[in-house]
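This report describes the fold of one chain and then follows one of its elements in detail. Please read it alongside the sequence and the coordinates shown here.

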Amino acid sequence: MNILILIGIAMLAPVAGGLLTGIDRIISARLQGRQGPPLLQPFYDVLKLCQKESIEVNSMHRFFVYISLAFVVFTTVILLSGGDILLAIFALTLGSVFFVLGGYASNSPYNTIGSERELLQIMAYEPMVLLTCVGLYYAENSFFVKDIVAAQTPSIVYLPGVFFGLIFILTFKLRKSPFDLSMSHHGHQEIVKGITTEYSGKDLAVIEVTHWYEVIIALALVYVFFATAAPMSHVFAVIVCLLVYLLEIIIDNGAARVKWQQALKSAWIVTGIMGTVNLIILSFFK
Amino acid sequence: MSVVKKSPWILHYDGTSCNGCDIEVLACLTPLYDVERFGIINTGNPKHADILLITGSVNEQNIPVVKQLYEQMPDPKAVVAVGICATSGGIFAECYNVVGGVGKVIPVDVYVPGCAARPESIIDGVVKALDILEEKRKKR
């Protein structure tokens, strides 16, 4: 029974992530005064990529993408089945690192630039993700998601600053402007195609599916801030997740890409001020 | 499954074009024509592309570039020559440096004549290329 639930999570998460991406593309198009693609367009794209030839630069750069997917799926399953949030975050980081290694493995100059930028992004957002876990533990005395979402008061009451910091760095994680340095959804503002330049066919499809999982992981982190023992709070948490996603889409369409210095600096300043100060204040009351 | 027809990603290369056709190709992406309705994305990367759009004629200098772009695209792939220059060389056909249409260098599937080709006819050409793409996929 338990295994069935885990498999169910692993199967349904990319479907939800793909649908969200489809909604994202429609809303983006409407914001630009266009009609936009059909809702199922991301699925058409991935199915098409699966039917195409996969050009192999060398065997390693494909291998890393599949390993990355495995770790991201692992993270999703842990988070959504109520597991240890710290373990989930470390597995997610490992997934990102394998993705970067894949970029470096192809030896293409465009991929290398993309990989370096991806590393910078990891550097920028990772401290805040860790502080989120620390904050949640501080507030609810448990690293387990199932304990955090079963608390009496929602974590957002204790951690408004950490929540703001998390929203800030989710822009990196969702690959949205102004922080979409390594690979963007919009081809025209890209050095060829960033870290995915050398991937084609099935490998590119895997990268896309990995991104769907990451969307779900990002929103799951938002979710745990609002869910409590009360059943209604879960509905409220889902609404907040959708609002956060909408906010990210609007920021994506309203902002141009920043330089890496600015991305790194702003992320660390927000982490330092919002995250750390929040935890210090919390330590006086706890 | 005809998913290939629902998500054609395009690579646009400017041969010796006067930019007239290039602007019309880009006009397809604007809110007025919005080709993303059909799932068409303008990628800057041959390895992600399904359809190669070439504007302008081919000259001695860009023969290797056109060939390389074509070879880097994963199968199945289609080529659309946009504008009269890409079709036959147009008024530049007699120039000492111009080789002729794109068809002299790589196999072209659809010719879209016009000077400059209108966005409607470019979209029409791409839609024709989709059927060819689907046939090629079945043959693989």
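## Contacts along the chain

In this predicted model, 81% of the contacts in chain B between residues at least 6 apart in sequence join residues at least 24 apart.

## Elements and overall dimensions

Chain B contains four helices and seven strands, and these elements, read from the N terminus on, follow the order β-α-β-β-β-α-β-α-β-β-α. The radius of gyration of chain B is 14 Å, close to the 14 Å that the globule rule gives for 140 residues, so chain B is as compact as a globular protein of that length.

The C-alpha trace of chain B spans about 45 × 35 × 20 Å along its principal axes, and of the 140 residues in chain B, 49% are buried.

How many of the five residues of strand S5 of chain B are buried? Five of the five, residues 78–82, are buried, so strand S5 of chain B is largely enclosed by the rest of the structure. Both faces of S5(B) are covered, with Ala78(B), Val80(B) and Val82(B) buried on one side and Val79(B) and Ala81(B) buried on the other.

## Pairing partners of S5

S5(B) pairs in the parallel sense with strand S3 of chain B, residues 51–55, over five bridges, and within this pairing Val80(B) is the bridge partner of Leu53(B). S5(B) also runs parallel to strand S7 of chain B, residues 110–112, to which three bridges join it; here Ala81(B) stands opposite Tyr111(B) of S7(B).

Terms used
Residues numbered from 1 in each chain as written. Chains lettered and ligands numbered in written order. Predicted model: local features only at pLDDT ≥ 70, side-chain atom pairs only at ≥ 80, totals over all residues. Helix = DSSP H or I, 4+ residues; strand = E, 2+ residues; numbered from the N terminus. Rg over C-alpha atoms; globule rule 2.2 N^0.38 Å. Buried ≥ 20, exposed ≤ 12 C-beta atoms within 10 Å, placed from the backbone. Contact = placed C-beta atoms within 7 Å. Pairing = 2+ DSSP bridges.
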